Structure formats: structure tokens, C-alpha cells
Amino acid sequence: MRRYLPAGVLTGVALALAGLPLAHPPAFVESILYLVFFWIALATSWTILSGYSGYFSFGHGAFFGAGMYTTANLAGPLGVPFLWTVPAAGCAALLLGLSIGAVVFRVRRLRGELFALLSLAVTFVLATIVLNTRLDGGPGVYLSGVKLPKLYASPASTIYLLGLSVAFASLIAAWLMRRSKLGRGLFAISDDEDVAEVMGVPTFGYKLAAFGLSCFLAGAAGGVHAIFVFYVTVAETFSITVPLYVVLMGVLGGARHWIGPAIGAVFIIGVTYSFVGGDWALAGRAAVGLIFILAILFLPQGVMGLVATKCRRRRAPPEAAATTAPALPVVRTLLPPGPVLLSCEDVQLAFRGVRALAGVSLDVREGEILGLVGPNGSGKSTLTNVISGYYRPDAGRILFRGKDLAREPGHRIARLGVARTYQIPRPFARLSVGENVALSAMFGAAGLDREAAERRARECLDFVGLGDRADALPTALNLHQRKFLELARVLASGARLILLDEVLAGLAPSEIDNALDLVRRIRANGATIVFIEHNMRAVLALADRVVVLNYGQLIAAGLPHEVMRQPEVVAAYLGGAHA
């Protein structure tokens with residue numbers, strides 16, 4: 001029941017606030033509270049995109065403005081009943097957001113500051129279009145003649161209730177999303193989008209869903225606000241102040257927490273309206289600017305981020321020395337390698353004319369450990385990236401259990417049963433160790449629900465010896481532990497084929513022996529492994545077969561000791577003069 005406590009408390013507070021007009025408070029109280037609700041809704045809608053997915057937007061005013069002008073034109077000149085215009089305002093902003101996101105989210109380079117600048121440019125473009133069309137026409141749109149539904153005795157109370165409703169809906173949406181599989185995927189996208197895609201998160205669809213919901217809520221808030229101001233103009237609607245205040249509220253309260261923007265909104269509006277009139281108003285704006293600077297410098301994760309960090313430190317056990325994984329029983333008896341599981345046929349890939357893969361053909365048999373070796377720059381990591389879906393080959397086929405992966409996106413490849421590690425560990429930095437592993441169980445081939453994924457994560461962390469570090473952040477782990485975290489993630493995914501990209505790099509000899517034992521037991525639990533490594537002692541000790549790449553071509557394949565004595569292989573590693 002504790003998991004539903006926040007929603008219960010929020011509902012109780014909303015019901016209490018909904019009854020406030022019955023006490024007949026002064027009109028200015030309802031107006032101030034309405035503005036608090038309005039900014040809560042707008043800041044929360046912003047955090048669903050920018051806080052959760054990490055796509056920082058300076059253009060949220062565009063979607064808010066789209067909602068305002070939708071309501072202004074429908075309820076004003078066209079005479080549509082006001083309540084019908086609020087969802088219409090949300091839908092107009094939703095369509096605008098989806099049309100932008102459908103293009104922008106397909107371009108890998110439009111991330112970070114480029115997305116932020118692009119979103120700001122959208123605001124200016126939309127403002128210019130509105131100003132020079134009949135949507136505004138120059139003088140603005142008056143809504144003084146629009147009839148409000150009688151939800152309460154006075155129009156001010158009705159607007160108050162509408163603002164409360166939109167704020168409540170925004171907070172509930174943010175809470176539900178944070179708890180959902182969608183929310184977990186968005187957090188992964190925020191930390192490392194490329195890794196999230198390869199682990200099974202459908203990044204394009206998830207970003208589009210977050211963008212759409214964010215825009216809908218912003219548009220609905222704009223629709224209600226249009227009737228509050230009664231006079232809609234481009235200068236006020238598309239002012240740079242709107243997105244800046246929204247960003248400040250999200251950053252101050254904590255953009256990755258569902259209640260964070262609400263905390264920021266209450267604080268900023270409280271400060272702003274504590275200074276009214278004359279020079280005091282200027283002092284209020286200066287105070288807001290100072291708060292923004294201090295929040296960036298000293299609260300980069302916001303108030304709720306600071307609270308979450310302190311709670312995590314209290315729960316975390318003292319850091320222990322590197323542990324050895326317990327000798328758990330295997331799931332099945334080890335069998336000889338079986339039929340072909342993965343077949344690469346004439347795989348080619350070039351980068352600006354440089355051939356990274358020049359027609360690689362190889363087979364991986366079910367149940368085996370295949371060593372993939374070669375000197376630096378030979379194409380090993382490139383082939384791994386192609387198999388896992390990070391790159392698309394220029395030519396050739398990659399058949400996994402009979403299905404061609406060459407044109408499949410990374411998240412579908414992960415769902416089919418392919419998982420990988422990285423030479424330099426790439427955990428999701430702001431997710432705990434346990435959440436990192438659970439995410440792999442949710443989005444990988446296992447496809448578990450949240451509770452089952454968390455149980456699976458605990459089992460896998462115990463398996464690799466990190467069970468006592470589940471609540472820690474990856475930054476609290478040493479290199480050895482981060483390498484084993486990568487192993488726990490691929491194990492939790494339920495993958496049939498695991499690509500281990502130099503998992504031993506940087507480990508001490510005793511840690512290497514421990515890692516090799518883990519790899520053997522992962523294979524014994526039913527996985528097929530492609531072992532990419534420079535450590536020849538480890539390759540010879542572990543691999544059933546070895547294939548050697550050099551300059552993007554396969555130059556040898558066979559039993560480990562036989563392959564490593566071939567003249568072509570010796571020349572590739574030592575050079576022609578030593579061969």
C-alpha cells in the first residue's frame with residue numbers, strides 16, 4: 001500500500017483545495033492559488049519531457065501558446081463552449097509536438113544543447129506565424145464575452161477549480177509515468193540513450209510518447225490560462241519569461257522527481273508575489289534570478305535530488321572489498337555446441353570511405369564461447385556494434401535464429417535475445433545498481449514486469465557478488481565492480497547471445513580469474529557467448545573456437561591454439577618482420 005501513498009496524499013490535498021471556494025475566501029487568494037496551480041501544471045509538463053528523458057527544452061512556451069490561441073480562437077470568434085476548448089487546446093499542442101518530434105527524434109545529433117536551441121527556435125517561429133495570421137492579426141484576441149460554466153458561484157472560483165484540475169492531472173500523470181516501464185525507460189534515455197536502445201528500450205517511441213504527453217498538458221494549461229487573462233497577445237504568450245520560469249521551477253525542485261517541479265513552482269511564485277509594486281517588484285525578479293544561479297551551482301539535482309541522495313546514503317551499507325561471486329548451481333548441464341545461432345554473411349561497413357568491415361563472414365554456434373580477437377582497429381568492436389544494432393551495415397546479412405538483424409533497430413535486436421557489454425562500462429549513472437539490472441530484465445529478451453524484474457535483478461547481483469551494492473549508484477563502484485555490473489545486466493536480460501567486449505580490460509589477475517569463472521557459469525546457464533578480448537591467456541583458457549580479424553577482414557578461424565600459431569595471425573599481432 002505504501003507505493004500508492006503519494007497518490008492518496010495528493011488526492012486528499014486536491015479535494016481539500018477544491019472545497020476552499022465554499023469558505024468564500026478573498027478573491028485575490030483564489031487568483032494567487034490559481035497561478036500556483038498554473039505554474040505547477042506547466043512545470044510538471046516540462047519535466048515529463050526534459051526531466052525524465054533529458055531532452056532539455058527552452059521552447060515549452062510554444063506548446064503553452066498553441067493551447068492558449070486554440071482556446072482563444074475557438075471560444076472567442078467561433079463561440080465554442082469553453083470547456084470543450086480545453087482538451088482541444090491540449091490536442092493542438094499534442095499534434096504540434098508529435099509533428100516536431102517525429103522528425104527531430106530520428107536525428108541522432110539533435111540532442112543536448114542542439115535540441116534546446118531548436119525548441120527555442122520553434123517558439124519564435126510559431127509566434128511569427130500566429131502574429132501574421134488571423135489567429136491573432138496583431139491586436140490580440142479578447143475573451144471578455146466568453147461564458148464560463150457555473151462550477152462555482154463566481155467565475156473566479158470556476159477558473160480556480162479548472163487550474164487545480166489541470167495541476168492535479170499533471171502531477172498524477174508524472175507520478176504514474178515515473179512508476180511505469182515508460183518512466184524507467186525515459187530515465188535510461190536521459191543517462192545514456194545509445195545504451196538504452198541497445199538494451200531494449202524503444203527510444204524513439206518513448207521519447208515521442210513523453211513529448212506528446214508533455215505538450216498536451218502544456219496546451220491544456222494554456223487553454224485554461226487564456227480565460228484567466230481574458231486578453232491573449234503574442235508578446236505575453238510567447239514571452240521568453242515563460243520557458244525560463246518553467247526551467248527554473250523544474251531545476252530548483254528536482255526535474256527527475258514527479259513532485260519536484262511543484263515544489264519549485266510553489267517556492268518561486270511565493271517569492272515573486274512576496275514583492276509587489278514599485279521597486280519591490282524589481283527586487284522580486286532579482287531574487288528569482290539569484291535563486292536560479294544558486295540552484296545551478298549548489299543544487300544541480302534540485303531539492304528532491306538532494307533528498308534522494310541523502311536517503312540513498314543512509315540505506316547504503318559500508319563499501320566492502322571486491323567480493324567473489326558465490327558458486328550458485330547452474331540451470332542446465334553443459335552440452336556441446338549445437339546448431340548455428342548467429343551467422344554473419346559478407347558484412348560490410350565503411351566510415352567516410354574507410355572500410356571498417358570488409359566482408360566479414362562467420363558463424364556462432366549455440367552454446368559455445370567464440371573468441372573474437374585481433375589487433376587494435378581490426379573491426380572487433382565495430383562488428384559488435386553492428387550485431388547489436390548500433391550501426392547498420394552497408395551490405396551483408398546478420399542472421400540470428402533465422403532472422404536478419406541487419407535492418408532491425410537496436411531495441412528489437414535486444415528483445416530477440418542479443419545483449420552486450422562495453423569495454424568501458426556504461427551504466428546508467430543516475431539509476432541505482434539494482435535499477436540498472438532490473439531495467440535490463442524489463443526491456444531485454446526476458447521482458448519481465450517491474451516486480452519480477454526487481455527479483456531477477458537481486459538474483460543476478462547475488463550471482464556476480466554485488467548483492468550488497470544494489471542501492472548504491474554506479475559511481476560508488478570500483479572498476480571491477482562496474483565490470484561485474486555489466487555482466488549482471490546481460491545475465492538479467494535473458495539473452496541467448498551475449499557479446500562481451502573486453503570485459504577483462506583493467507582488471508587485476510585475481511579479478512580476471514573471477515571474471516572468467518563467471519563467464520563460464522553464465523555459459524553453463526544457457527547463454528552463447530562471443531568473447532572479444534586482447535588477453536590471449538584468457539582467450540586460450542576460455543574459448544571453444546577463435547576467429548581473428550585484421551583490417552576488417554577475417555583472416556583465421558578454428559581451435560584456439562591452432563589459430564594463434566598461424567603465420568597470418570602472428571604477423572597481424574607482431575608485424576611482418578617478426579612473423
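Biologist: Why is glutamate 408 called buried?
Modeller: The relative accessible area of glutamate 408 is 16%, and buried means under 20%, exposed over 50%, and partly exposed in between (1.4 Å probe, protein chains only). Glutamate 408 therefore counts as buried. Before we go on, please keep in mind that this is a predicted model, where local features need pLDDT of at least 70, side-chain atom pairs count only at pLDDT 80 or more, and totals for chains, interfaces and linings use all residues. Residues are numbered from 1 along each chain as its sequence is written, and side-chain values use heavy atoms, with hydrogens and water left out.

Biologist: Happy with that. What makes the pair of arginine 412 and glutamate 408 a salt bridge?
Modeller: The rule asks for a side-chain nitrogen of Lys or Arg within 4 Å of a carboxyl oxygen of Asp or Glu. For arginine 412 and glutamate 408 the N to O distance is 3.8 Å, so the pair meets the rule. Arginine 412 itself is partly exposed, because its relative accessibility is 47%.

Biologist: How many salt bridges does the rule find?
Modeller: The count is 18. One of the pairs joins glutamate 345 to arginine 397, with 3.0 Å between the closest N and O atoms.

Biologist: How do you know that this pair links distant parts of the chain?
Modeller: Glutamate 345 belongs to strand β3 (residues 340-351) and arginine 397 to strand β6 (residues 395-400), and the two are 52 residues apart. The strands, like the helices, are DSSP runs numbered from the N terminus (E, at least two residues, for strands; H or I, at least four, for helices). Glutamate 345 has a relative accessible area of 29%, so it is partly exposed. Arginine 397 is partly exposed too, because its value is 39%.

Biologist: What about arginine 496 and glutamate 366: which parts does that pair tie together?
Modeller: Their side chains meet in a salt bridge at 2.3 Å, N to O. Arginine 496 sits in the loop between α18 (479-492) and β9 (497-501), and glutamate 366 in the loop between β4 (354-365) and β5 (369-373), so the pair ties together parts 130 residues apart in sequence. Arginine 496, at 25%, is called partly exposed, and so is glutamate 366, at 28%.

Biologist: Let's turn to helix residues. Why is threonine 203 called buried?
Modeller: Its relative accessibility is 7%, so threonine 203 counts as buried. Threonine 203 is part of helix α8 (residues 203-229). Leaving out residues up to four places away in sequence, threonine 203 touches Ile189, Glu193, Ala196 and Glu197, where contact means heavy atoms within 4.5 Å. Glu193 also takes part in a network of salt bridges with Arg111, Asp194 and Lys207.

Biologist: And alanine 127, why does that residue count as buried?
Modeller: With a relative accessible area of 11%, alanine 127 falls in the buried class, so the label holds. Alanine 127 lies in helix α5 (residues 113-131) and, beyond four places in sequence, touches Val234 and Phe238.

Biologist: How do you know how much area the two domains bury between them?
Modeller: Buried area is the accessible area (1.4 Å probe) that two parts lose on being put together, summed over both. For domain 1 and domain 2 that comes to about 2,100 Å², of which 58% is on carbon and sulfur atoms. Arg184, Val198 and Met199 supply 36% of the area that domain 1 buries against domain 2, more than any other three residues.

Biologist: How many salt bridges cross this interface?
Modeller: Two. Aspartate 192 and arginine 426 form a salt bridge at 3.0 Å, N to O.

Biologist: Last one: what share of the chain counts as buried?
Modeller: Of the 579 residues, 52%. The chain holds 22 helices and twelve strands, and its C-alpha trace spans about 90 × 50 × 40 Å along the principal axes.
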